[in-house]
Every structure is written in structure tokens, then in C-alpha cells.
Amino acid sequence: MSSPQVLTQSRDHLRTAHRIVVKVGSSSLTAPDGRLDVLALRALVDVLAARRAEGHQVVLVTSGAIAAALGPLGLPARPKDLATAQAAASVGQGLLVARYTEAFAAHGLRVGQILLTAEDTVRRGHYRNAQRSLERLLDLGVVPVINENDAVATDEIRFGDNDRLAALVSHLVRADAMVLLTDVDGLHDGPPSRPGSRRIAQVDGPRDIEGIEVTARGSAVGTGGMVTKLESVSIATASGIPVVLTKASNVAQALAGEDVGTWFVATGRRTTRHRLWLGYAAKARGRLVLDDGAVRAVLAGTASLLPAGIVGVEGDFESADPVELVDTEGRVVARGLTSYDASEIPDLMGRSTGALRDELGAGYDRAVVHRDDLVLVRSHRKR
């Protein structure tokens with residue numbers, strides 16, 4: 001197992017971190033024509049193999065399966081329909097892992113491919129199986145190569161991007177740090193292409209990046225943009241895992257603790273699987289719109305959501321389903337498990353629990369979302 005989790009303030013932690021999760025995106029592994037860039041892949045592997053030679057452990061979360069299949073299948077761009085994307089992933093996963101196997105073998109290292117979905121990282125039975133498999137691979141000196149199982153994933157269960165998968169895997173394996181590799185050198189105070197935009201070297205907490213303009217759009221061969229990377233960072237740092245975000249060509253410098261990319265300081269401590277699932281992996285079945293007072297109470301972290309604070313309901317959900325809690329402008333502030341069906345809530349909105357008990361009887365004075373089943377969400381965009 002890795003060393004006990006501690007909050008870390010310095011980049012020097014990366015030099016000595018025993019177990020790291022490295023995520024690399026499609027844009028860093030593909031050439032302009034969409035084909036797999038084998039030289040870029042080998043360059044990354046060279047750095048990770050050197051890290052392994054120093055006695056540290058590496059878990060690699062890689063995108064690129066679909067992108068790797070574009071050329072061989074004659075596809076001009078990433079497929080937009082699910083069936084073609086699944087087919088491309090099926091072809092590309094084999095091509096991708098074959099290249100990783102070859103590249104790591106040049107350093108005397110073996111790889112083990114693991115294909116995961118969101119449920120595998122948080123559901124009790126799946127979580128334990130995935131954790132045991134990863135731990136045993138690491139004990140055997142194998143480098144786990146993880147990708148989302150795009151060949152069978154559906155819109156219902158998939159992340160849509162490996163950034164968040166990397167953060168959940170970091171929690172799963174109790175990583176000491178996470179490295180997100182992309183095609184830009186960290187977070188900037190504006191679009192990197194805009195003249196005058198500057199790299200933000202360190203982020204100590206969410207307030208440091210309030211108001212920063214980011215984009216949800218990724219590259220032509222990927223699915224994520226800076227928004228998904230910040231969501232990934234939020235998951236990791238809130239769980240006590242520091243993160244560095246930088247371009248793939250800077251991976252050696254990043255692992256050496258040099259001032260490249262953006263260093264995100266860990267802000268919290270490890271959470272439970274249940275809360276991790278609720279906050280980041282569960283698919284919301286609907287939304288509850290809160291008034292300003294309810295938003296403040298929820299954000300304070302000690303209050304349940306009562307009917308009096310709800311001003312709107314969206315979606316078709318049942319009791320015990322996960323829902324998003326949003327303010328009147330549509331910003332997600334929390335997620336939780338509702339104790340009512342969607343059809344019941346309109347008659348309860350804006351009314352006190354005492355009035356509901358007097359009119360409807362015992363049981364209707366309960367919270368709509370109990371604080372034990374409520375997780376705050378740091379959102380970087382409207383949902």
C-alpha cells in the first residue's frame with residue numbers, strides 16, 4: 001500500500017511520492033491526422049519507466065483508444081454516434097495497449113490493461129475487485145494501464161472523459177499525487193491563445209480560480225476540455241490528493257517537482273466511497289431548484305434540504321434517486337439522494353415542515369434531502 005495520506009503544500013512532494021496516477025489525453029498521443037503518435041507514446045513511457053526504476057509506483061490512465069482507431073478504420077474524425085464510437089474503441093484498445101506493451105517492454109517492464117466504468121470505482125463489490133486487481137498488479141511490479149471501457153460504456157454509465165476517471169482511480173489506489181497531462185502548460189488566467197494570458201503556477205483552493213475563463217470543449221480527438229480537468233482536480237484535491245496539470249512534454253520536469261504547469265494543493269481528506277459516488281459518479285435523475293436561503297444553508301454544510309427552500313423541480317425521479325441541487329441561475333451547488341418522488345415535491349415546495357405535518361400527517365415533515373446524503377459540488381459551469 002502507499003504511504004498514509006497527508007495534505008501537501010509543496011511541489012517537492014512529487015519527487016518523493018511513492019504512488020502516482022498519471023493521466024494522458026488523446027490530444028497528447030495523436031498526430032494531426034488522428035493516428036496514434038508512437039513517438040509521443042514512447043517518450044511518455046521512457047519517463048514513467050525511469051520513475052519506476054527509482055523504486056516508485058505508477059498507474060497510467062490513458063485516453064486514445066478511439067483516436068488510435070481513426071486511421072486504421074478510415075474514419076475522418078471521432079465518431080459522434082455511440083455505436084461507431086464503441087466499435088472504434090474496441091479496435092483501438094487493442095492497438096493502444098499493444099504499443100504500451102512494446103514501449104514498456106523496452107525497459108523490462110510489463111503492463112496490465114484494466115478497462116473501467118464509473119461503477120467500478122465506487123460500487124462496493126466492483127470497487128473491491130478493482131482495488132484488489134490494481135494492488136496485486138503493483139505488488140508484482142506491473143504498470144497498470146487503465147482506460148474507460150468505451151467499447152461497452154453507454155451514456156448511462158460512462159464518464160465521457162478520462163480526467164474524472166483518473167481522479168476516482170487516484171482515490172481507489174490511495175495515490176500520493178496525480179499528474180494530468182494535456183496539450184497546454186497548465187491553467188491560465190484566460191484562454192492560453194489570448195495574448196497576455198499567464199500561467200497560474202499554484203492554486204491553493206477553489207477561490208484562487210473563481211472567475212477564471214475556461215472552456216468545456218476539448219480537442220478534435222478528445223472529449224474533455226479544461227472544465228473536465230478542473231472537475232477532476234476538484235475530486236482529487238478534496239480527497240487529499242495534490243495534482244499537477246501540465247503538458248505532456250513537461251512530464252519529466254513535473255515529476256521532478258520543477259515549476260511547470262499548475263500545482264493544485266490538496267484541500268481536504270479522503271472521503272467515503274458512498275460520498276464519492278454521490279458527488280461525482282452517480283447519474284443525476286433530476287434537479288431541485290433552491291432559493292437563496294436554502295443555497296446558503298446547504299453550502300454551510302450542516303443543514304438538510306427542507307421543502308421550504310425549494311422553488312422548482314425538474315426531471316422524473318423516484319425516492320432515493322440522486323438529484324442535483326441548483327441555485328436559481330442553474331449553478332450546481334450540491335448532489336443528494338431525494339426522499340420524495342418528483343411528482344410529490346411540487347405540493348411541498350415553499351412550505352414549512354410543521355405545516356406539512358399538520359396538513360398531511362407524520363412523515364411529510366421529513367427533509368427532502370438529508371444532510372447525511374448530501375455532498376457539496378464545486379461547479380465551474382452551469383449544468
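User: Where is tryptophan 263 found?
Analyst: This is a predicted model. In it, tryptophan 263 sits in strand S8, which covers residues 262-264.

User: Buried or exposed?
Analyst: Tryptophan 263 counts as buried, because its relative accessibility is 0% and the cut-off for buried is under 20%.

User: Back up a bit. How many helices and strands are in the chain?
Analyst: The chain has 12 helices and 13 strands. Of its 383 residues, 52% are buried.

User: And what share of the contacts with a separation of 6 or more comes from residues 24 or more positions apart?
Analyst: Such pairs account for 74% of those contacts in the chain.

User: Which residues have the most contacts inside the largest nonpolar core?
Analyst: Val21, Ile146, Val169, Met178 and Phe264 do, in a core of 36 residues. At least two residues of this core come from each of strand S2 (57-62), strand S3 (111-116), helix H6 (124-139), helix H7 (162-172), strand S5 (177-182), H8 and S7.

User: Which of these gives the most?
Analyst: H7, with six residues.

User: What is isoleucine 146 in contact with, leaving aside neighbours within four places in sequence?
Analyst: Isoleucine 146 contacts Val59, Leu60, Val61 and Thr62, then Ile114 and Leu116, and also Leu134, Leu165 and Val169.

User: What lies apart from that core?
Analyst: Another core, of 35 residues, lies apart from the largest one. Ala17, Val47, Leu96 and Val244 are among its members.

User: Now the helices. At what angle do the axes of H7 and H8 cross?
Analyst: They cross at roughly 10°, and the axes come within 8 Å. H7 is therefore roughly parallel to H8, since angles under 35 degrees count as such.

User: Which residues meet there?
Analyst: From H7, Asp163, Arg164, Ala167 and Leu168. On the H8 side they meet Thr228, Lys229, Glu231, Ser232, Ile235 and Ala236.

User: How many are nonpolar, polar and charged?
Analyst: The contact of H7 with H8 has four nonpolar, two polar and four charged residues.

User: Where does serine 239 lie?
Analyst: Serine 239 is in the loop between helix H8 (226-238) and strand S7 (243-247). With a relative accessible area of 2%, serine 239 is buried.

User: What does the side chain of serine 239 reach?
Analyst: The backbone oxygen of isoleucine 235, at 3.0 Å. Isoleucine 235 is also one of the H8 residues in the contact with H7.

User: Switching to glutamate 135. Where is it found?
Analyst: Glutamate 135 is in helix H6.

User: Why is glutamate 135 called buried?
Analyst: Because its relative accessible area is 11%, and buried means under 20%.

User: What does the side chain of glutamate 135 join?
Analyst: A polar contact of 2.9 Å links the side chain of glutamate 135 to that of arginine 19.

User: Last one: alanine 300. Buried or exposed?
Analyst: Alanine 300 is exposed, with a relative accessible area of 53%. This residue belongs to the loop between helix H11 (292-299) and strand S10 (310-315).

User: How far is alanine 300 from leucine 376 in space?
Analyst: Their C-alpha atoms are 9.5 Å apart, while the two residues are 76 residues apart in sequence.

Key:
Residues numbered from 1 in each chain as written. Predicted model: local features only at pLDDT ≥ 70, side-chain atom pairs only at ≥ 80, totals over all residues. Heavy atoms only, no water. Helix = DSSP H or I, 4+ residues; strand = E, 2+ residues; numbered from the N terminus. Buried < 20%, exposed > 50% of the residue type's maximum accessible area, 1.4 Å probe, protein only. Polar contact = N/O pair within 3.5 Å; in protein donor to acceptor, adjacent residues only side chain to side chain. Core = buried A, V, L, I, M, F, W, Y, C linked by side-chain atoms within 4.5 Å. Contact = heavy atoms within 4.5 Å. Axes fitted to C-alpha atoms, helices over the stretch in contact; angles between N-to-C directions. Parallel < 35°, antiparallel > 145°, perpendicular 65-115°, else oblique. Nonpolar A, V, L, I, M, F, W, Y, C, P; charged D, E, K, R; others polar.
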